[in-house]
Amino acid sequence: MSVQAKHGGPLSEEEFRKFTLYMNGSNNREDDQQRARILGFTAEGVRVAPGAVVRVSDSASIHRDVYIGLYSYINGDVTLHPRVLVGPQVSIVASNHRYSPEDDCFSARTDPAQGRVVIEHGVWLTTGVVVTPGCTIGRCSLVCANSVVTSDIPPYTIVAGSPARKIGEIDRHTGEYRWMRED
């Protein structure tokens with residue numbers, strides 16, 4: 001059954017116009033919180049920016065004060081702990097398609113246990129970050145723009161690149177960034 005059929009039939013021209021403006025031109029706290037509530041995220045302070053697609057599993061959770069940025073994509077068994085910032089055009093995908101030797105292709109089978117993604121308290125995923133299945137990003141870590149996270153990241157770590165690698169740390173007591181030196 002289509003979403004339109006499930007929720008009362010096709011949109012009128014006026015409803016479609018309003019919907020289009022709402023989804024593409026309203027990036028403010030009030031509209032972002034309303035968008036989150038419509039999507040079923042009821043924790044306090046959750047905000048979803050226009051164009052974000054959030055399709056989490058029943059075992060996933062989005063905690064309070066989470067911001068999901070413009071045109072981001074979140075799918076599967078993903079947990080976003082409190083105060084996580086997801087920048088624009090971020091992709092977080094849990095589980096994975098697996099290669100099937102019998103069929104000689106990637107099947108629709110997934111491995112939910114190994115694919116779960118956990119983003120811990122206070123993490124900032126900046127623009128264009130990709131988080132691959134099975135990763136945990138530790139508390140208050142910073143993932144720099146366009147990085148591809150392919151393994152776990154310890155708390156208070158700054159990573160960058162593809163694949164993401166450690167380039168610094170955040171001092172938990174002062175908030176200062178400590179950059180690694182290249183020798």
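1. Two strands are taken to pair if DSSP finds at least two bridges between them, and the elements themselves are DSSP runs numbered from the N terminus, with helices being H or I of at least four residues and strands E of at least two. In this structure Val-78 stands opposite Val-117 in strand 11, and strand 6 and strand 11 pair in the parallel sense over three bridges.

2. On provenance, this is a predicted model, in which local features need pLDDT of at least 70 and side-chain atom pairs count only at pLDDT 80 or more, while totals for chains, interfaces and linings use all residues. Residues are numbered from 1 along each chain as its sequence is written, and side-chain values use heavy atoms, with hydrogens and water left out.

3. The pairing of strand 6 with strand 11 belongs to an open sheet of four strands, ordered 3-6-11-14, with parallel pairing. Strand 3 (61–62) and strand 14 (136–137) are at its edges, each with a single partner strand, so one side of each has no neighbour in the sheet.

4. A second open sheet has eight strands in the order 1-4-7-12-15-17-18-19, and its pairing is mixed. Here the edges are taken by strand 1 (47–48) and strand 19 (177–179), each with a single partner strand, so one side of each is left without a neighbour in the sheet.

5. At one end of that order, strand 17 (residues 157–160) and strand 18 (residues 165–170) run antiparallel and are joined by four bridges, with Gly-168 in strand 18 as the bridge partner of Ile-158. The two strands form a hairpin with four residues between them, and Gly-161 in the turn has a positive phi of about 105°.

6. Strand 18 also pairs with strand 19 in the antiparallel sense, over three bridges, and Gly-168 has Trp-179 as its bridge partner in strand 19. This hairpin has six residues between its strands, and Gly-175 in the turn has a positive phi of about 80°.

7. Turning to the interior, a nonpolar core is a set of buried Ala, Val, Leu, Ile, Met, Phe, Trp, Tyr and Cys residues joined through side-chain atoms within 4.5 Å, where buried means under 20% relative accessible area, exposed over 50% and partly exposed in between (1.4 Å probe, protein chains only). The largest such core has 30 residues, of which Leu-80, Ile-92, Leu-125 and Val-131 touch the most other members. Strand 6 (78–80) and strand 11 (117–119) are the elements that give two or more residues to this core. Apart from it lies another core, of six residues, among them Cys-144, Tyr-156, Ile-158 and Ala-160.

8. The contacts of Ile-92 (heavy atoms within 4.5 Å), leaving aside residues up to four places away in sequence, include Val-78, Leu-80, Val-117, Leu-125 and Val-131, and also Asn-75.

9. Gln-33 lies in helix 3 and is partly exposed, with a relative accessible area of 22%. Not counting residues up to four places away in sequence, Gln-33 touches Gly-45, Val-46 and Arg-47, whereas its C-alpha is 10.0 Å from that of Ala-43, which is 10 residues away in sequence.

10. The second largest pocket has a volume of about 180 Å³. Its lining divides into eight nonpolar residues, no polar and one charged, and includes Phe-19, Tyr-22, Arg-35 and Val-53. Helix 2 (13–25), helix 3 (29–38) and strand 2 (53–56) each supply at least two lining residues, and the largest share, three residues, comes from helix 2. As for terms, on a 1 Å grid over the protein atoms alone, a pocket is an open set of points where a 1.4 Å probe fits, with protein on both sides within 12 Å along at least five of seven lines, and lining residues have an atom within 4 Å of a point. Grid points are joined across faces, edges and corners, and the volume is the space filled by probe spheres set on the points. Ala, Val, Leu, Ile, Met, Phe, Trp, Tyr, Cys and Pro count as nonpolar, Asp, Glu, Lys and Arg as charged, and the others, Gly among them, as polar.
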